[in-house]
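User: Please take a close look at one helix in this model and at the ligand and metal sites beside it. I would like a single connected account.

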Amino acid sequence: MGRSNVGKSSLINALVRQKVARTSAAPGKTRLANFYRVRRGSGPEMYLVDLPGYGYARGGDAPAREFNRLAEAYFTRADRGPGIGDRGSERTGSPRSLIPDPRSPEKRIGVLLLIDARHPGLESDLDAWAWLASQPCPRGVVGTKVDKLTRAERARHTRELESLFDGPVVLASAQTGEGLDELWKLIATLPSQTAA
Ligand code: GTP
Ligand code: MG
């Protein structure tokens, strides 16, 4: 998850080396939660989930409300029953869920918050991080578009991001492929970490 235009969809494309997700220079491109089932090498099957961005104001409050609805439904499903993408009925007691359940060991989720590495510390990102901290799932931070930073900025912004989001931050570029291996490693280990 992350602000509109931060590069969420581009990063998914870069990770899977295919253009599966639609991207755009204009913010507000992704409007729905999109699930991509992936398997890397002989690793476990998993879903990469691309969410709409937050912080995009055109069209009034509607996109922001939609984001909140999706995010809440997604991340708080464990407490509230089936969420987005669920098939089946609660009444039968056997919803066939596409949504990983953080309480189920085989279906753990982890959330990556994507931050534009050029702009650490934007209020909406800090708000998103604070909100994530209240959710029952492990989380990590990725700094995007690192190709746009100078060497000096990289060092400075990394320090800044790590102090703001208290923990290691992976810097990556969908454009140059920098940081993608490190990001795959984070994705592999994230779900098994316990949420703080
Ligand atoms: P929404 O779906 O609107 O929330 O946006 P998003 O976060 O999915 O962003 P998207 O992937 O559509 O990318 C937004 C813009 O940033 C596009 O013009 C991309 O080409 C550009 N972009 C994404 N990642 C990178 C990157 O690593 N480096 C550079 N230089 N540009 C990038
Ligand atoms: Mg998108």
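**Helix α1 and its surroundings**

Analyst: Just after α1, Arg17 adopts a positive phi of about 55°; the model is a predicted one, and the account that follows works back from this residue into the helix. Helix α1 covers residues 8–16, and because eight of its nine residues are buried, α1 is largely enclosed by the rest of the structure. The buried residues are Lys8, Ser9, Leu11, Ile12, Asn13, Ala14, Leu15 and Val16, and what covers them includes the strands β1, β2 (45–50), β3 (111–116) and β4 (139–144), together with helix α6 (180–189).

Ser9 takes part in the metal site, where the magnesium ion (ligand 2) is coordinated by Ser9 through OG and by Thr30 through OG1, at 2.0 to 2.2 Å. Since Ser9 belongs to α1 whereas Thr30 sits in the loop between α1 and β1 (34–39), the pair ties together parts that are 21 residues apart in sequence. Both Ser9 and Thr30 are buried.

Taken alone, ligand 1 exposes 660 Å², of which the protein buries 88%. Of the 22 residues around ligand 1, those that come nearest are Lys8, Ser10, Gly28, Asp147 and Ala174, and by class the shell has four nonpolar, 12 polar and six charged residues.

How values were computed:
Residues numbered from 1 in each chain as written. Chains lettered and ligands numbered in written order. Predicted model: local features only at pLDDT ≥ 70, side-chain atom pairs only at ≥ 80, totals over all residues. Heavy atoms only, no water. Near = heavy atom within 4 Å. Areas by Shrake-Rupley, 256 points an atom, 1.4 Å probe, with all protein chains shown as cover. Nonpolar A, V, L, I, M, F, W, Y, C, P; charged D, E, K, R; others polar. Donors = N, O, S within 2.8 Å, 3.2 Å for Na, K, Ca; no water. Helix = DSSP H or I, 4+ residues; strand = E, 2+ residues; numbered from the N terminus. Buried < 20%, exposed > 50% of the residue type's maximum accessible area, 1.4 Å probe, protein only. Contact = heavy atoms within 4.5 Å.
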